[in-house]
Amino acid sequence: MTRPSSLEKDEGEGRGSATLLSRVGVGSDLSRLGAIRVLVGLFSVIYLCARLPNFISLFSIPTHRFAPVGAARILSEVMPGVAFGLLIMATLALSITFTLGIGHRYLAWAFAFLNLLLISYRNSWGMIFHTENLWVLHLFILAAAPADRAFAKRPSLEAPGDQKTARWALFFLSALTVATYFVAGWAKVKYVGWTWLEGATVQRQVAYDNVRKMLLGDYYSPLGLWLAKFDLPWGPLAGLALLVELGAPLALLSARFARTWVFLAWSFHVGVILTMGIFFPYPVLGVAYASMLPVDVWWARYARGSKTVAQKKSGDFPG
Amino acid sequence: MLVVGALLLGGTLLPLAPKARDGFPFSNYPMFTSPREFVRMTSMVGLKEEGISLDQGKAVAPRDVANDEVMLAAVTIARAVAGGPAAMARLCQEVAERIVARGNPEGWKALVVVEHAFAPMDYIDQGKMPEGSARPLHRCSIDSELSTTKKNPEHSAGGGSK
């Protein structure tokens, strides 16, 4: 099995050259890991900020509805408002240090654990959401990895064995991603059987989900309701969805498989938005798949391109 | 790294086991695994007048039931229904108090916990909910002036509370 980290080595054309923030050479495993840390960190900062109203709204839910899951099971009762407020602020602050690569060795672990507690707490009111699992898990891999050697405010020096650890970190990031899809696909076959491929289950689910949202006064997808009238599309769509999920481990075999799978998986999520209005931000924004893509190389190219444009502009308008 | 990675990967794959349940952060991702040929779902409806039909009501906003998460609101109502009349009465009271607290802008006089039983594809075919698919389970009135609510189990929109 080829590790995802070895993907696109040929694209590391800037390897060894001085880059904007990287000392380890664009295209190396450490470089890619650093770029992923920034992407996941930025996602975390933005997501946590966007979720603030939702977190705050938890205060208004009657305490008897508290049903702890995950890390929130350590709590015997609802958190006092001050403690929950501190948890939110600390997690948000740590997401910023994580993004900048500050104090990564210890603060990244603190961020991963506090984030797990915060998101577990959010899921502890009767409904377990499935939009944040992979993000929460990826943070632990990045905390355990030398993800601050590149693309950091003050990149820490490379230590012996870092490249090997980075390679494993990239592998586990990708393996966790494909594992979540595989488990989801397995559940469909386990609970419904291979008849799931006929498409009727998806068709009814899309119909039900949209009608339910209408009855609950939420946004729904008119496209999904319209499409549910026709039987024809749902068989192929179900087949494609199951191919993406059960075929996910193939993405670990080669760079080409990985890219193809990433495109299909991303398309799957876009389809879910269009037909059901359900937005999974971590994969839709591409962050979930960053370990399978040469994100550091792209970043370096973008930075080089921006620099060239800036130089041209300053040449056009000297002085 | 190997230990952390192996533990997380093992935890992620653990729900492949036969009796796995949904959890966090390790889930069996049960989405899209129900046949949904015929479904029963619950909602809450606000009524502007006493005695009018449920069709003339309007869905209570998720934030009045739980928070801005519509799915959390749906599960909250479903759990109250599963909990029986006392749990439904408690939820109805809580929601009514929230609506009153923000001034009852819709001018509702009553809230009804409703059960909808229907085949999703019937809705798709007919373009509307099938006749008789909605059944009131519990009703409570809203008294905005007193900023309090009164449960009225005898008088239910559509015919008595459960």
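User: How many bridges join β1(B) to strand β2 of chain B?

Analyst: This is a predicted model. Strand β2 of chain B covers residues 58-59 and runs antiparallel to β1(B). B:Val45 stands opposite B:Ala59 in β2(B). The number of bridges joining β1(B) to β2 is 2.

User: β1(B) also pairs with β3(B). Which residue of β3(B) is the bridge partner of B:Leu47, and how many bridges join the two strands?

Analyst: Strand β1 of chain B spans residues 39-47 and runs antiparallel to β3(B). B:Ser43 stands opposite B:Val114 in β3(B). The bridge partner of B:Leu47 is B:Ala110. The bridges joining β1(B) to β3(B) number 9.

User: Which residue in β4(B) stands opposite B:Ala110?

Analyst: Strand β4 of chain B covers residues 134-143. β3(B) and β4(B) pair in the antiparallel sense over 7 bridges. In β4(B), the residue opposite B:Ala110 is B:Ser141.

User: How many residues of strand β3 of chain B are buried?

Analyst: The cut-off for buried is under 20% relative accessible area. Strand β3 of chain B covers residues 110-118 and is largely enclosed by the rest of the structure, because the buried residues number 9 of the 9.

User: Which residues point the other way from B:Ala110, B:Val112, B:Val114, B:His116 and B:Phe118 in β3(B)?

Analyst: In a regular strand the side chains alternate between the two faces of the sheet. In β3(B), the residues on both sides are buried. Those pointing the other way are B:Leu111, B:Val113, B:Glu115 and B:Ala117.

User: How many residues of β1(B) are buried?

Analyst: β1(B) is largely enclosed by the rest of the structure.

User: Step back to chain B as a whole. In what order do its elements run from the N terminus?

Analyst: Chain B has 5 helices and 5 strands. Of its 162 residues, 54% count as buried. From the N terminus on, the elements of chain B run α-β-β-α-α-α-β-α-β-β.

User: What share of the contacts in chain A with a separation of 6 or more comes from residues 24 or more positions apart?

Analyst: Chain A holds 11 helices and 0 strands. Buried residues make up 55% of its 319 residues. Among the contacts in chain A with a separation of 6 or more, residues 24 or more positions apart account for 77%.

User: What is the sense of the crossing of α5(A) and α9(A), left-handed or right-handed?

Analyst: Helix α5 of chain A covers residues 162-191, and helix α9 of chain A covers residues 255-276. Their axes come within 13 Å and cross at roughly 50 degrees. That makes α5(A) oblique to α9(A). The crossing of α5(A) and α9(A) is left-handed.

User: Which residues in α9(A) do A:Thr177, A:Val178 and A:Tyr181 meet?

Analyst: A:Thr177, A:Val178 and A:Tyr181 belong to α5(A). They meet A:Trp261, A:Ala265 and A:His269 in α9(A). By class, this contact of α5(A) with α9(A) has 4 nonpolar, 2 polar and no charged residues.

User: Which residue does a cis peptide bond join to B:Phe24?

Analyst: Most residues other than glycine have a negative phi, and most peptide bonds are trans. At this cis bond, omega is about 5 degrees. The residue sits in the loop between α1 (2-13) and β1 of chain B. The residue joined to B:Phe24 is B:Pro25.

User: B:Tyr29 lies in the loop between α1 and β1 of chain B. What is its relative accessibility?

Analyst: Phi of B:Tyr29 is near 45 degrees, a positive value in a residue other than glycine. B:Tyr29 counts as buried because its relative accessibility is 7%.

User: Where does B:Asn104 lie?

Analyst: Phi of B:Asn104 is also positive, near 45 degrees. B:Asn104 counts as buried at 7% relative accessibility. B:Asn104 lies in the loop between α4 (85-101) and β3 of chain B.

User: Is A:Asp231 buried or exposed?

Analyst: A:Asp231 lies in the loop between α7 (222-227) and α8 (234-246) of chain A. Its relative accessibility is 56%, so A:Asp231 counts as exposed.

Notes
Residues are numbered from 1 along each chain as its sequence is written. Chains are lettered from A and ligands numbered from 1 in the order in which they are written. This is a predicted model: local features need pLDDT of at least 70, side-chain atom pairs count only at pLDDT 80 or more; totals for chains, interfaces and linings use all residues. Side-chain values use heavy atoms; hydrogens and water are left out. Buried means under 20% relative accessible area, exposed over 50%, partly exposed in between (1.4 Å probe, protein chains only). Helices (H or I, at least four residues) and strands (E, at least two) are DSSP runs, numbered from the N terminus. Two strands pair if DSSP finds at least two bridges between them. Axes are lines fitted to C-alpha atoms, for helices over the stretch in contact, and angles run from 0 to 180 degrees between N-to-C directions. Angles under 35 degrees count as roughly parallel, over 145 as roughly antiparallel, 65 to 115 as roughly perpendicular and the rest as oblique. A crossing is left-handed if the near helix is turned anticlockwise from the far one by less than a right angle, and right-handed if clockwise. Contact means heavy atoms within 4.5 Å. Ala, Val, Leu, Ile, Met, Phe, Trp, Tyr, Cys and Pro count as nonpolar, Asp, Glu, Lys and Arg as charged, and the others, Gly among them, as polar.
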